[in-house]
Amino acid sequence: MSIAEALPARVGISKRSLVLGTLFAVMVLAGLVALSFGAYPVNIVRVLHSLLTDDVDRAGLVIAQVRLPRVVFGLLVGAALGGSGAALQVMFRNPLADPSLIGISSGAALGAVSAIVVGGTLAPGFMAWASYYAIPAMAFAGAAGATLLIVAIGQANGRVDVAMMLLAGIAINAIAQSGVGAMMFLADDQQLRTLTFWTLGSLAIAGWDALPAIAVAILVPVGLLAVNGRSLNRLLLGDIEAAHLGVDVRRLKRLVVLSVALSVGTAVSFAGAIGFVGLVVPHLVRLLAGPDNRIVVPGSILGGAIVMVMADLVARTAAMPEDIPIGLVLGAIGGPFFLWLLVARKWRVL
Amino acid sequence: MPITRLRRRQVLAGMAATAVMMPRLATGAGNQRIVSVGGSVTETIYFLGRDRLLVGSDSTSSYPEAAKKLPKVGYMRNLSVEGVLSLEPTMIVLEEGAGPPVALDSLSSVGVRMETVAEARSVADVVAKIKRIARLVGAESEGDALAQTVADRGEAVGKAVAAVQSRPTVLFLLDVKDGALMTAGRNTSVEAIVALAGGRLVFDEFEGFKPVTAEAVQHADPDVILLMQHVGHRLGGEDAVAQLPALAHLRAAQEGRVVAMDGLLLLGFGPRTPDAVQVLARRLHGEEAVPDILEPLRAE
Amino acid sequence: MTISLNQVCVSLAGRQVLHGMDLTILPGQVTALVGPNGAGKSTLLGALAGDVPPNRGQIFFNGREFNTIAPKERALMRTVMRQSFDMSFAFLVRDVVEMGVLDHVAERHKPALVDRALRETDMTAFGDRQVTRLSGGERQRVSFARAVAQIRSSDHMDCARYLFLDEPTASLDMAYQALILNQARAFADQGLGVVVVLHDLNLASAIADRVLLLGDGRLVIDGRPADVVREDILERTFAAPVSVFENGSARHVAVRLGNGG
């Protein structure tokens, strides 16, 4: 079945170390490759050397202020989407789950489009003070609001009813999307373009200012998800079975939802609505190493980072000097790839 | 991984060094490397004879022909930071509305000089725009001369238009999407140019660009349909536009009063604005009503 | 240390399922829960396992109320085998069995525990098969192997431990029915309190030290098999013509078909 099963060493912990270690190494490599290419031509080795020896030239500045923050941001966004996708697939006990199911993307879109379209008229003071953070802040508020609403609806007798959450998610998504539509109707041409580009997604980020906060808001939640692999495995057996095996089911589900909301909410607020990674990366990791969440969750965090940073490399360089929206790249490559995956599974090739 | 060993101090020191270097490069006007963002900005720089300073422009810079051959840095509202920087500009001249904000922030954080030029909606605005750009590129005297020429031409066309009695209503077709027509309302560059040409937008109940229904269009019954040439090409030409389901029953469509004009010329509000007004006015009111009084203004 | 129920009432989805249950479960015994469908056997098992809080009355587990015992601690004290489990991912049998090995066990000791559990339940050959591809009966056996793993990983506990089995023999061949029930007996002999819900009164008579007969959410009778598995009691509770044959210490229950007796 899975590629790692064919490996001679199948003893628990060394398989985990092997897979995660490999993924980590690939991630570092991917980061360095992404750092080496871009519209601005640089010799990366020379640049890194010059940065370390306090001898900064224009190329070094471009790498340090423009490309490196973007690569780091890409790794963080990918980590958030990959890890959250894996955790949600466990919580919904469905390999087709994805962060958009709990309203994050549509809530964020509603927040963002509100900021773009009516922010200037309804809250000009806030918009001016927050400047280019206004859209991410509103997007995050939208994402958090939608998720909390869905979770609240999904709570019944102190239990997190996943089926209810799914239904609530559908309803909230529909409401948010019509809200977005209404805003688009009110929008003028320029706002519409801004919104379109936001929706398609972009990892462009202005310098390092926001990155420390983004890093904390992403790495802490996905880290928590990564260390709960064993409990997530048990959760797959069923809520009651998991409780029999010592899992505090209510606390675990709350942890999953809040971690997903915080990490993906942050990612999506700054990068726009990006899909696919949360759905496909956990699949790939499972294909590679089996369904054990002690490997799948951290593996998806690393795998998501790799996919994101590579997709952004394509987005930045395929049509130089234009930036292709990353949503298009992921869709154009991820879509057919996922289709192939499903078909290959069906024909039992994989 | 090197990331962890980057010191902010080093980076800031580098920034400061570059920022210090910048003005020295800029004051030698002949050594400038300029990226122009916005078709009318690029166009103006060509008219001022400073096009040799240009190292790149955005994708909306389509006039003159030579401008199309400049290295491109993306669409005006979706600039690529590294793309701009790879041209090693000393200054970026941007038309108001360039973006995205993230890219502009990024560019300033690297210490590149960014100058924004305000949007123009009248001949007076265009004159101010020309003078500002002229100052930026060190062509003050050419700028004053060009501004005067444009002002004079604007006045002449203005007089010709004022002499016409009719005030035809105009439907501006920005795009057709999913059967809905995107059209222009108040407070748009379209309204401004149509007014200068002695016309009136058929829709003035809303601001900006909005979708309208076919019924609303039918009810409005415009005298003329106006659109940008590239949109017309995409839809199959002026005849095809006249046959679009949403427009086919309009008087204007049936009588062949569909006007397609180059987008940059029509809405750019650059030095060729008086030319645009004349062309549009002649199409709106008829060639007898508006004489061809201007020698075409061309950049080399 | 026992599990004691004191006037416990449990309702599910608004319906009162158990009424005023008063009973005590002792370790070192096999207790069978029998009764007609809807009598509340599984609900009672769930209450004993701490799954469902009573809406009236108290349940004391080893002297403590359930809500004072953290989930991890509960897992050390009681093991549950339910009729089925979910699995939509490609876990292997040994992976599912390993989920039963409790967290305090060191990683390096886990494989041995899993192998032992597989051996004791005759599932070694199934170790590397995907659970999603097993039949219902095979999955039940996996469930049991997991329960065994859980019990083995709590062997060091000196408080009373319990094993709850809900219809463990439902889809199984006789050989495996015997295996599981014999193993349950062995656990009881080792000191666990074993409570098993059984449909099959023959099996219940054969294996149980004590039989609890439930009817309509109430305890009809609580006693040794010889006292409970009797024609008059069964006919009344099950509303069906029943014959009970005794063969030494074994009892055989059969429903009388056709007309007349």
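Author: Two residues are in contact if their C-beta atoms, placed from the backbone, lie within 7 Å. Contacts below are read that way, in a predicted model.

Reader: Which residues of helix 8 of chain A does helix 4 of chain A meet?
Author: Helix 4 spans residues 104–117 of chain A, and helix 8 spans residues 162–186. From helix 4 of chain A come A:Ser106, A:Gly107, A:Ala109, A:Leu110, A:Val113, A:Ser114 and A:Val117. Their partners in helix 8 of chain A are A:Asn173, A:Ala176, A:Gln177, A:Gly179, A:Val180, A:Met183, A:Met184 and A:Leu186.

Reader: How many residues of that contact are nonpolar, polar and charged?
Author: Gly counts as polar here, and Ala and Met as nonpolar. On that basis the contact of helix 4 with helix 8 of chain A divides into nine nonpolar, six polar and no charged residues.

Reader: Are helix 4 and helix 8 of chain A roughly parallel or roughly antiparallel?
Author: Their axes lie 9 Å apart, at an angle of about 20°. Angles under 35 degrees count as roughly parallel. That angle therefore makes helix 4 of chain A and helix 8 of chain A roughly parallel.

Reader: Is the crossing of these two helices left-handed or right-handed?
Author: The pair is again helix 4 and helix 8 of chain A, packed at about 20°. Their crossing is left-handed.

Reader: Which pair of chains shares the most contacts?
Author: Two pairs of chains are in contact. Chains B and C are not joined by any contact, and their closest C-alpha atoms lie 31 Å apart. The pair sharing the most contacts is chains A and B.

Reader: Which helix of chain C supplies the largest share of the side that touches chain A?
Author: On this side, 24 residues of chain C are in contact with 23 residues of chain A. Helix 2 (71–77), helix 3 (93–99) and helix 4 (110–120) of chain C each supply at least two residues. The largest share is four residues, from helix 2 of chain C.

Reader: How many charged residues does that side of chain C have?
Author: Twelve of its residues are nonpolar and three are polar. The charged residues number nine.

Reader: What share of chain B counts as buried?
Author: Chain B has 14 helices and twelve strands. Among its contacts between residues at least 6 apart in sequence, 57% join residues at least 24 apart. Of its 300 residues, the buried share is 47%.

Notes. Residues are numbered from 1 along each chain as its sequence is written. Chains are lettered from A and ligands numbered from 1 in the order in which they are written. This is a predicted model: local features need pLDDT of at least 70, side-chain atom pairs count only at pLDDT 80 or more; totals for chains, interfaces and linings use all residues. Axes are lines fitted to C-alpha atoms, for helices over the stretch in contact, and angles run from 0 to 180 degrees between N-to-C directions. Angles under 35 degrees count as roughly parallel, over 145 as roughly antiparallel, 65 to 115 as roughly perpendicular and the rest as oblique. A crossing is left-handed if the near helix is turned anticlockwise from the far one by less than a right angle, and right-handed if clockwise. A residue is buried if 20 or more other C-beta atoms lie within 10 Å of its own, exposed if 12 or fewer, and partly exposed in between; C-beta atoms are placed from the backbone.
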